[in-house]
Amino acid sequence: MAQPSARRVRDVVFVDGARTPFGKAGSALAETRADDLVVKVFRELLRRNPTLPPERIDDVAVAATTQIGDQGMTIGRTAALLTGLPRSVPGYSVDRMCAGAMTAVTTLSSAIMADQYDVALAGGVEHMSRHPMGEGMDLSPRFLAERLVDTDALIMGNTAENLHDRFPHLTKERADAYAMASQTKTAAAYEAGWIQPDLVPVATRSAELGWGLLSADEVMRPNTTLEGLAALKTPFRPHGRVTAGNSSGLNDGATGAILAAEEVADELGLSKKMRLVGFAFAGVEPEVMGVGPVPSTEKALARTGLSIDDIDLFEVNEAFAVQVLAFLDHFGIADDDPRVNPMGGAIAVGHPLASSGIRLMSYLARDFERTPSAKYGLTTMCIGLGMGGTVIWENLNHDGSAR
Ligand SMILES: CC(C)(COP(=O)(O)OP(=O)(O)OC[C@H]1O[C@@H](n2cnc3c(N)ncnc32)[C@H](O)[C@@H]1OP(=O)(O)O)[C@@H](O)C(=O)NCCC(=O)NCCS
């Protein structure tokens, strides 16, 4: 009987990442299809990596939380065909709510590590105009009848209010100050031209306004003030602490990334921005889902043998300011630590749910490029129904110096 060839484990590199600018739900991208957004990103990735022969792509995984209509029909496959990839390139779809694109990356990377794939395309999209959160949901009645979860667990803003209850020292003032910093850092990053290189402008159309072009994130509010934030309503609870200003909003957008085995990237002359070190997902109580990044990060650190002190840069998704603060507080990191979200985050640019994991990775790749003294960085995010996800990366621009 033939013996299988020796099994190998290979290193995975993040070759490149791109995204559409994020739109405000109901606005610039409202009349553009979700699958067209993914295609735009994939074509841009192929355009700027011309040495990648499309037929070398072994698989395409695209995440969406609401897999209906233009986000349904196995969007990984439909987007591959619409992009014009050879028909021999397969595709599939992924759902882990907000961590969909993150899971597309970890799943494809696992296949590359296991020597089954050489190159893969990961993506994520959420068109919250066309697919409002919870569209078509048919939750088992057992969840509430058997008190498997509290009703709060189903409304993300309520889970953020619950976090404020659980950690009273994470006050509204701290959440507002954090949110304001996200806006300021985003404005500074745009000013410095750090964010634009990974954006793919998208033609927009509106029955009312005609054609246009979206070339920057639509929802940024660079003129945010602490006074303005303090005066906002708390839509999730009377006299609560969570507002439109210290939460991410409702957005439309898509992201994509090329992943490759390191040796294949070398063979094809592809850029190598960062190397995957390890990853973990973890579950927490659904009623405080925002705390998910704490155990997923603890787990990823333990698996990789690193400590939090080894991490030089952090890209933390800002679903809600309080949830980032809970993460920082747990690890003894200051609210305004410059290693955290140096280009701002989702509070300022938006959070089209399943797409955001790759936005974090593209940001980290750029952070690494600007910071050659940084060796390790992590991307982490909270996930609905009580989960967290963390991916640790190594900077391939690292110059060996200590930070
Ligand atoms: C919080 C939320 C309900 C607000 O929705 P919304 O009311 O449509 O948001 P808007 O953008 O219209 O903002 C509401 C108000 O706050 C104001 N505002 C928002 N951000 C502001 C800022 N940074 N500074 C000053 N004002 C601000 C808006 O101008 C608006 O004012 P108006 O009512 O006078 O027009 C919505 O964004 C939400 O549900 N976010 C969470 C999304 C989520 O759960 N994602 C998943 C995470 S796990």
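## Ground rules

Axes here are lines fitted to C-alpha atoms, for helices over the stretch in contact, and angles run from 0 to 180 degrees between N-to-C directions. Helices (H or I, at least four residues) and strands (E, at least two) are DSSP runs, numbered from the N terminus.

This is a predicted model, in which local features need pLDDT of at least 70, side-chain atom pairs count only at pLDDT 80 or more, and totals for chains, interfaces and linings use all residues. Residue numbers start from 1 along each chain as its sequence is written.

## Helix 1 meets helix 2

Let's start with helix 1 (residues 34–47) and helix 2 (residues 75–83), whose axes come within 9 Å and cross at roughly 60°. That makes helix 1 oblique to helix 2; angles under 35 degrees count as roughly parallel, over 145 as roughly antiparallel, 65 to 115 as roughly perpendicular and the rest as oblique.

Which residues make the contact? On helix 1 they are Asp35, Val38, Val39, Phe42 and Arg43, and on helix 2 they are Ile75, Thr78, Ala79, Leu82 and Thr83. Two residues are in contact if their C-beta atoms, placed from the backbone, lie within 7 Å.

## Around helix 2

Helix 2 has Ile75, Gly76, Thr78, Ala79, Ala80 and Thr83 as buried residues. A residue is buried if 20 or more other C-beta atoms lie within 10 Å of its own, exposed if 12 or fewer, and partly exposed in between, with C-beta atoms placed from the backbone. The cover over these buried residues includes helix 1, strand 3, strand 4 (91–94) and strand 5 (119–127).

Have a look at both sides of this helix. Met73 sits in the loop between strand 3 (57–63) and helix 2, and has a positive phi of about 55° although it is not a glycine. With 12 other C-beta atoms within 10 Å, Met73 is exposed. Just after helix 2 comes Gly84, with a positive phi of about 95°.

Is helix 10 (residues 321–330) largely enclosed or left open? It is largely enclosed by the rest of the structure, because 7 of its 10 residues are buried. Those buried residues are Ala321, Val322, Gln323, Val324, Leu325, Ala326 and Phe327. They pack against helix 5, helix 6 (172–192), helix 9 (293–304), strand 10 (311–316), helix 11 (346–349) and strand 11. Following helix 10 is Gly332, whose phi is positive, near 65°.

The axes of helix 6 and helix 10 come within 9 Å and cross at roughly 100°. That makes helix 6 roughly perpendicular to helix 10. Arg174, Ala175, Tyr178 and Ala179 of helix 6 meet Ala321, Val322, Val324 and Leu325 of helix 10. The contact of helix 6 with helix 10 has 7 nonpolar, no polar and 1 charged residues.

Ala160 lies in helix 5 and is buried, with 28 other C-beta atoms within 10 Å. Leaving aside neighbours within four places in sequence, Ala160 is in contact with Val242, Ser247, Gly290, Phe320, Val322 and Gln323. Ala160 and Pro286 are 126 residues apart in sequence, and 11 Å apart in space, C-alpha to C-alpha.

Helix 5 (156–166) and helix 7 (226–230) each supply at least two residues of the shell around the ligand. Of the 18 residues around the ligand, Met156, Thr224, Ala244, Gly245 and Ala319 come nearest; a residue is near a molecule if its C-beta atom, placed from the backbone, lies within 6 Å of it. The shell divides into 8 nonpolar, 9 polar and 1 charged.

## Two leucines

Leu268 lies in helix 8 (residues 262–268) and counts as partly exposed, with 16 C-beta neighbours inside 10 Å. Not counting residues up to four places away in sequence, Leu268 touches Thr51 and Leu52.

Leu385 is found in the loop between strand 11 (376–383) and strand 12 (387–395). Its phi is near 65°, a positive value in a residue other than glycine. Leu385 is partly exposed, with 18 other C-beta atoms within 10 Å.

Notes
Nonpolar A, V, L, I, M, F, W, Y, C, P; charged D, E, K, R; others polar.
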